[in-house]
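Me: I have a chain open on my screen and I'd like to go through it. Can you take my questions one at a time?

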Amino acid sequence: MKKTLMIAAAAAFMATGLAATEAAAGAPFCASCHAGHKDKVGPSLASVVEAYGSTDAVFAFLNSDAELEPKVAAFASKAGTMKGQLKKYRGLDDAKKAEVRAWFESEIK
Ligand code: HEC
């Protein structure tokens, strides 16, 4: 129970921080927590691709209705942070999702 509250508080805190950086041109909101080859709030995109096996597999998951089951072990305890982001991503239209993928691929180059 206490843990749940802490996760909720952390998520709320991050959501606030997000608003300030979200307007950054070019990159989607994912960029406030993820970078190609560096761990930030979330794991590096390269380590995510490694855990999934391919970029296609990552996006097959993102574009499905599957529950988030964290695959990058070092970040597993932070799945609560990504859950809300996943919901946000799934609510984007196809054009925005395509922008996310283009950004994702340019980051892991
Ligand atoms: C508020 C910070 C935050 C934002 C914004 C964010 N993420 Fe994450 N993300 C995380 C954290 C923390 C994890 C590690 C926990 C986990 O794997 O679920 C993670 C994990 C992931 C994973 C791995 C999930 C798994 O199965 O292990 C993918 C894929 C991912 N993020 C993609 C994205 C994409 C794409 C966006 C933008 C649409 C995004 N993230 C936005 C914090 C964030």
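Reply: Start with a term: helices (H or I, at least four residues) and strands (E, at least two) are DSSP runs, numbered from the N terminus. By that rule the chain has five helices and zero strands. This is a predicted model, in which local features need pLDDT of at least 70, side-chain atom pairs count only at pLDDT 80 or more, and totals for chains, interfaces and linings use all residues. Residues are numbered from 1 along each chain as its sequence is written, and side-chain values use heavy atoms, with hydrogens and water left out.

Me: What pattern does the chain follow along the sequence?
Reply: The pattern is α-α-α-α-α.

Me: And how much of the chain is buried?
Reply: Buried residues are 28% of the 109 residues in the chain. Buried means under 20% relative accessible area, exposed means over 50%, and partly exposed is in between (1.4 Å probe, protein chains only).

Me: Now the ligand. How many residues surround it, and which are the closest?
Reply: The ligand is surrounded by 24 residues, and Cys30, Cys33, His34, Tyr52 and Met82 are the closest. A residue is near a molecule or strand if one of its heavy atoms lies within 4 Å of it.

Me: Which helices supply at least two residues of that shell?
Reply: Helix H2 (45-52), helix H3 (55-62) and helix H4 (79-90) each do. H4 gives the most, with five residues.

Me: What classes of residue are in the shell?
Reply: The shell around the ligand has 17 nonpolar, four polar and three charged residues. Here Ala, Val, Leu, Ile, Met, Phe, Trp, Tyr, Cys and Pro count as nonpolar, Asp, Glu, Lys and Arg as charged, and the others, Gly among them, as polar.

Me: Which N or O atoms come up against the ligand's nitrogen and oxygen atoms?
Reply: An N or O atom in the side chain of His34 is 2.8 Å from a nitrogen atom of the ligand. A polar side-chain atom of Tyr52 is 2.4 Å from an oxygen atom of the ligand. For Lys71, a polar backbone atom is 2.7 Å from an oxygen atom of the ligand. A polar contact is a pair of N or O atoms within 3.5 Å; within protein, one must be able to donate a hydrogen and the other to accept it, and residues adjacent in sequence count only if both atoms are side-chain atoms.

Me: Change of topic. Where is His37, and is it buried or exposed?
Reply: His37 lies in the loop between H1 and H2. His37 counts as exposed because its relative accessible area is 54%.

Me: What is His37 in contact with?
Reply: Leaving aside neighbours within four places in sequence, His37 is in contact with Ser44, Ala46, Glu107, Ile108 and Lys109. Contact means heavy atoms within 4.5 Å. A polar atom of the His37 side chain also lies 3.2 Å from the backbone oxygen of Ile108, and one lies 3.4 Å from the backbone oxygen of Lys109.

Me: Where is Ile108 found?
Reply: Ile108 is in helix H5 (residues 94-108). The C-alpha atoms of Ile108 and His37 are separated by 6.6 Å, although the two residues are 71 apart along the chain. Ile108 is partly exposed, since its relative accessible area is 22%.

Me: What else does Ile108 touch?
Reply: Not counting residues up to four places away in sequence, Ile108 touches residues including Gly36, Leu45, Ala46, Val49 and Thr55.

Me: Thr55, then. Which helix is that in, and why is it called buried?
Reply: Thr55 is in helix H3. Thr55 counts as buried because its relative accessibility is 15%. Among its contacts, not counting residues up to four places away in sequence, are Arg101, Phe104 and Glu105.
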